[in-house]
Amino acid sequence: MVASTVQHAGRDEAPALTLDDVRAAQKTLSGVARTTALEGSRHLGELVGSPVHLKCENLQRTGSFKVRGAYVRIAGMSAGERARGVVAASAGNHAQGVALAASLLGVRSTVFMPVGAALPKVAATRDYGARVRLHGQVVDETLRAAQEYAAETGAVFIHPFDHPDIVAGQGTVGLEILEQCPEVRTVVVGIGGGGLAAGLALAVKSLRPDVRVVGVQAEGAAAYPPSLAAGHPVTLEAVSTMADGIMVGRPGDVPFGIIAEMVDEVRTVSEDALSSALLLCLERAKLVVEPAGASPVAALLSAPETFEGPVVAVLSGGNVDPLVLQRTLRHGMAAAGRYLSLRLRLTDRPGALAALLAELSVADANVLDISHVRTDPRLGLTEVEVDLHLETKGPQHCAEVKASLVRAGYTVTG
């Protein structure tokens, strides 16, 4: 279900950026950023009741849209600024975008990343030409270190979303959507700090004010709903979500004004919806997408009947650590009823486990994992507790497996 929805009327003041800025950014990016594919999704289209297209920024250079804004920002710097180099802080996508953009423009780059950043992302950032410095346990600490470095060395700090050039560069995604799908009625886009959503909305609404733009945030990192209600950026006390690409505790000042005026609605989605969306992208669309990039699909899955089509959902990135992908997919499969965890007690006698497994075989449940506990003081002298992890075929099959065990005389305790 959609956990939260904020709708708001437009404001009187115009945003500082204009469509001309986005068009200029598109020229700057010519030959640099790819015009990413727009892929149809029959499954999502059937749910929504009209065509749904996926804008595949997960296939962009560096694996996300971030290179668009980073390149426009650095390209717009003076010769003196370029000579001082650039510095950024990021756990992944922005780091890689800045590293590649700086390398293409011949600018020295330093990127601060958290100590626990995923090794593939650290390696990719280095491969794109940046000097990587690992600092801090969380991105806020890393950000402070990068800003201190900028103050000490004179390097230009490249903000991930709160700068007009960044917003204009990200807005080129909106221009491409209108060119690729002129009949679009709704665009759905994930929101973290707001750079992508703001730029996209500016481009789309300037040319097609009839198109509805819907922003999506993770429930555990949803700073925009309270900020829009308050009329100014509000800082969350804590953020937590698997979607690290949109895990931002405060909206950016530059994107906030545009989003408040031009984004029609901001929704939040659950962790279950995010993992289910990632699984769907992998299974149905054959696309590797990170949780943040799957957030628009999560919104479509949560309330498909509320979207007017044709719909374009922006898959903003595909940089996901394989270990995170593994955990997220397992979570998504559990949310979809494809995994079932059970705990039950058996009499500790020869053949008891074999009988249980035979019952599961009849129920057509595949055992992935099994463990015995004999030493828990809550157990009787002749009892053993068994934890089972099963592969199932959906919610109905899960219910059938449990019912078959109960009919066979087993007591399921968890």
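Predicted model: local features only at pLDDT ≥ 70, side-chain atom pairs only at ≥ 80, totals over all residues.
**Helix α10**
- Helix α10 covers residues 195–207 and spans 19 Å from its first C-alpha to its last, close to the 18 Å expected at 1.5 Å a residue.
- Because 11 of its 13 residues are buried, α10 is largely enclosed by the rest of the structure.

- In soluble globular proteins, nonpolar side chains tend to be buried together.
- Here, the largest nonpolar core holds 36 residues, and Leu-54, Val-188, Val-297, Leu-300 and Phe-307 have the most contacts inside it.
- Two or more residues each come from α2 (42–48), β3 (52–56), β9 (212–218), α13 (271–283), α14 (295–302), β11 (311–315) and α15 (322–335).
- The biggest contribution to this core is from α13, which gives seven residues.

**A look at helix α13**
- With 13 residues, α13 reaches 18 Å from first C-alpha to last, close to the 18 Å expected at 1.5 Å a residue.
- Its buried residues are Ala-273, Leu-274, Ser-275, Ala-277, Leu-278, Leu-279, Leu-280 and Cys-281.
- The cover over these buried residues includes α2, β9, β10 (265–269), α14, β11 and α15.

**His-53 in strand β3**
- His-53 is found in strand β3.
- Its relative accessibility is 17%, so His-53 counts as buried.
- Apart from neighbours within four places in sequence, His-53 is in contact with Leu-38, Glu-39, Gly-40, Cys-181, Glu-183, Val-311, Val-312 and Ala-313.

**Where α1 meets α9**
- The axes of helix α1 (residues 19–28) and helix α9 (residues 172–180) come within 9 Å and cross at roughly 85°.
- The two helices, α1 and α9, are therefore roughly perpendicular to each other.
- On the α1 side, Leu-19, Val-22, Arg-23, Ala-25 and Gln-26 take part, and they meet Thr-172, Leu-175, Glu-176 and Glu-179 of α9.
- Sorted by class, this contact between α1 and α9 has four nonpolar, two polar and three charged residues.

Note on methods. Residues numbered from 1 in each chain as written. Heavy atoms only, no water. Axes fitted to C-alpha atoms, helices over the stretch in contact; angles between N-to-C directions. Helix = DSSP H or I, 4+ residues; strand = E, 2+ residues; numbered from the N terminus. Parallel < 35°, antiparallel > 145°, perpendicular 65-115°, else oblique. Contact = heavy atoms within 4.5 Å. Nonpolar A, V, L, I, M, F, W, Y, C, P; charged D, E, K, R; others polar. Core = buried A, V, L, I, M, F, W, Y, C linked by side-chain atoms within 4.5 Å. Buried < 20%, exposed > 50% of the residue type's maximum accessible area, 1.4 Å probe, protein only. Expected span 1.5 Å × (residues − 1).
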